[in-house]
Amino acid sequence: MSEPNTHLRRSKRGQPVVAYISSPSLIPADIIPSNPLYSRPTRTQDLFEDETSDLDSLEHLKTYFYQSYTRSSKAPSARAPARVYGRAARPRQGDVDVPTVFNVGDTALVKTGSRVPSVAVITAIWNIDGEDFKPKAPLRIRVHWFVRPSELPKIRAKRDFYENEVLYNISACETLSPSVILAHCAVSSSPSKAITIPEDATSDDLYCRQAVDPMRGLYYQFQWDTFRLNALARILPEQQDQSANWPDDHVWTVKAATVARATTSSRGDGEHPRKRRRIEREVENRSESSDNASEDEFEVPLNDVSDEEEDVLGADEDEDEDDVVAELAPRTPSRRRKRAGTSTPRTPRTPRTPRRAASATADTPRRRGKDTSLAQPTPHSKAALRRRKKTALAVRPPPPAAGMLDVIDEGVAQELGNDPWLRAMHVLHVAARPGALPCREAEYGRVSHAVEELLEEGSGGCIYISGVPGTGKTATVHAVVRELKRMAEQNEANPFAYVEINGLKIPEPAAAYGLLWEAVSGHDAARDGHMKISAKEALRLLSNHFSGTARVGPAGGHACVVLMDELDQLMTTKQDVVYNFFNWPTLAGSKLVVLAVANTMDLPERVMSGRVRSRLGMVRINFQPYTTPQLEQIVRARLASAKLGLPADTPEVIAPDALKFAAMKVSSISGDARRVLDICRRTVELVQSRGRMARTEDVKAVIKDMQNSPTAAYLRELSFHERLMLAALIKCVRKEGVEEIRWSEVQHQHLVYLNLLSGGNADDDRDPAPARRPTTDELTLVLESLLASHALIAEDGAAVARKPEGERRVALNLEYAEVERVLGEVGGRPWRNALNV
């Protein structure tokens, strides 16, 4: 009876897969397999992802398994092609026709998306034959991945590695084409193979002493040589068994033996004897149940070094005491959360799973695993939401108040001296970043709880954060990310990659694809610069990565946190950018967490289409404008940090009444914390030369000067289209990242803003809805008026006259912040939202 031809969507969330390679065709003469060992009817798992959709039935196909294959020198190799000078070039010494044989159990270098080839062990070799079947590759090569230290998540607990060290991935297999197998490499667990000098390290002589779970950041002591021999010994009997499961990935998947004895460094000297006996008894019981449940499985003792093995694994004797003692699947490893301010010696304990019902005791043997043929729940399904509600983490409080306002480091404090006015001006600057934000504890807890929950579950999700400008949205998210980084570096949270995408700092919304692909692929932009990849190619790679068609190699099995700031600027006509970023987290096991920050609460309902809103999810956090007491508390907290280390009799720099007046003035208009900080900083700067405390009269004078400057008076007298052109130019400057903008782009943005901002001032009727769109000549007259008043400057001369009119470049000749502020005050809320002020 043939197997039902059901197309299976094989999720590869935790299994890194090669990128940039899509089953290329090769000349069959280059690849010569050995004699077949076994044959059976073809299954869907035997095919490449892009082959399943081309077949209607698998009944006429047959799969043949082999022990090895031979590749001639014509096949691709790891060496770069030689340059040819003159009519001919002499062959290199390595180009002689010497066939290369790859056997099951050989370790090899594999071409992936990373700059350095990845490492894998060949676990199976097979071919598919049948009528009218055109294979995409002559053979299928099943590999199990190793992980280089550079392929681990960037944000993780720091560990020391040897120069040629690789780590065995606990359960990451993939089917590849022979074209990506570059060459043999040697992997050994002998300490004599470890290299500490970078100049002595080579790409094909590697050392393996640990296994790793990249998603959870757990490391285990591991003997590769012993594990490989046992795996090959299990494969040989299966080759004679026609009913065996071919290929058998479980043979190469590491199973955890019970932790019979913890490492010496993790034991506390003051451990109670009764507690030690109870723990040893529990471990003994678990060992018996594990042996009964899986007697036929080869188990690797992890974090359990016997006296005979201590000499062999001497390189691990100096491991940190904070290393996690855990188990591998089928038992879920656990991570013990550290308490702030406590440092007790670690004791050997039975690992537990924190997110599991209490009925799953340590003495009960667990099931082999879930049925992979069943569809897993999506992040927003009812089952996932119920489970998330039951296992919700306690809300993590913000960082302790003792160090939350250390905005003055030692170097700056020495430079400023003991002058309280200079210190106050420093901490009141909007660029000064405190450790935590006052009056945002509730929002911090909600954001931290949502992100930490998704990271612990290993699932994806989207969190929409909204609020008017200056309410601490981005600063709160940055504080949450800093705390999560600290937790990951101390092994208190799962490791992850992080990327920040600001809509005002990229030339176009589609450029966000390239930034996300750099984070997903593990590219080090600080060391190697940004990747030279088009937005279209990055979108294709990301789509294949999250859909499971093609992943990025051993670097792509962990979570990724994305901060999409200024989401309003990423909206396009088709809304395809925001749709893709909101759709990818909904895919099962994507492990993509998107933090979308926007300046308008009703942006999804007002701008986004239905398909985008449906992907946004239900986690929405709104930041309300600051009230007068909250603004006072923010300023007082910063002024208190400025007085740290000063004598007790240091005078105050601003009176309480003056501070309250400034807070009331700002809260009645916008509630923008940046505005009140700017007012207080200018007030302190005004009274610094007089050496006295700032009073309410000084605050009133500063506010009057800020509102009645010559630039502000000029901008208030401009016509609607003149103000609209200035707003359009500022928008183009933010989008392009340069100050000189083509005139054609300014015209286009002017017309875009026309329908959005006309009639936006509810106080008067100075901005009525236009009866028609202005012509190009009329817009040119508006430009000439602004040029005559020197508000704008433009290219001029004979060379410019020969250019098309739209290629002429213009630039703003006024202070950007002042123009944005006044236009926002004159135009009202719609103008402030458009200008992000």
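The structure is a predicted model: local features need pLDDT of at least 70, side-chain atom pairs count only at pLDDT 80 or more, and totals for chains, interfaces and linings use all residues. Residues are numbered from 1 along each chain as its sequence is written, and side-chain values use heavy atoms, with hydrogens and water left out.

**Confidence**

**Helix pair H16 and H17**

- Two packed helices are described by the angle between their axes and the distance between the axes.
- Helix H16 spans residues 628-642 and helix H17 spans residues 656-667. Helices (H or I, at least four residues) and strands (E, at least two) are DSSP runs, numbered from the N terminus.
- The axes of H16 and H17 come within 8 Å and cross at roughly 130°. Axes are lines fitted to C-alpha atoms, for helices over the stretch in contact, and angles run from 0 to 180 degrees between N-to-C directions.
- On the H16 side, the contact uses Thr-628, Leu-631, Glu-632, Val-635 and Arg-636. They meet Leu-659, Lys-660, Ala-663, Met-664, Val-666 and Ser-667 in H17.
- The contact residues comprise 6 nonpolar, 2 polar and 3 charged (Ala, Val, Leu, Ile, Met, Phe, Trp, Tyr, Cys and Pro count as nonpolar, Asp, Glu, Lys and Arg as charged, and the others, Gly among them, as polar).

**Loop residues**

- Asn-491 sits in the loop between helix H9 (473-489) and E17. Asn-491 is not a glycine, yet has a positive phi of about 65°. Its relative accessible area is 12%, so Asn-491 is buried (under 20%; exposed is over 50%, partly exposed in between; 1.4 Å probe, protein chains only).
- Pro-507 lies in the loop between strand E17 (496-502) and helix H10 (512-521). Pro-507 is partly exposed, at 45% relative accessibility. Pro-507 and Arg-734 are 227 residues apart in sequence, but 8.1 Å apart in space, C-alpha to C-alpha.
- His-790 is in the loop between helix H23 (776-788) and strand E22 (792-794). His-790 has a positive phi of about 65° without being a glycine. His-790 is exposed, at 55% relative accessibility.

Definitions and conventions
Contact = heavy atoms within 4.5 Å.
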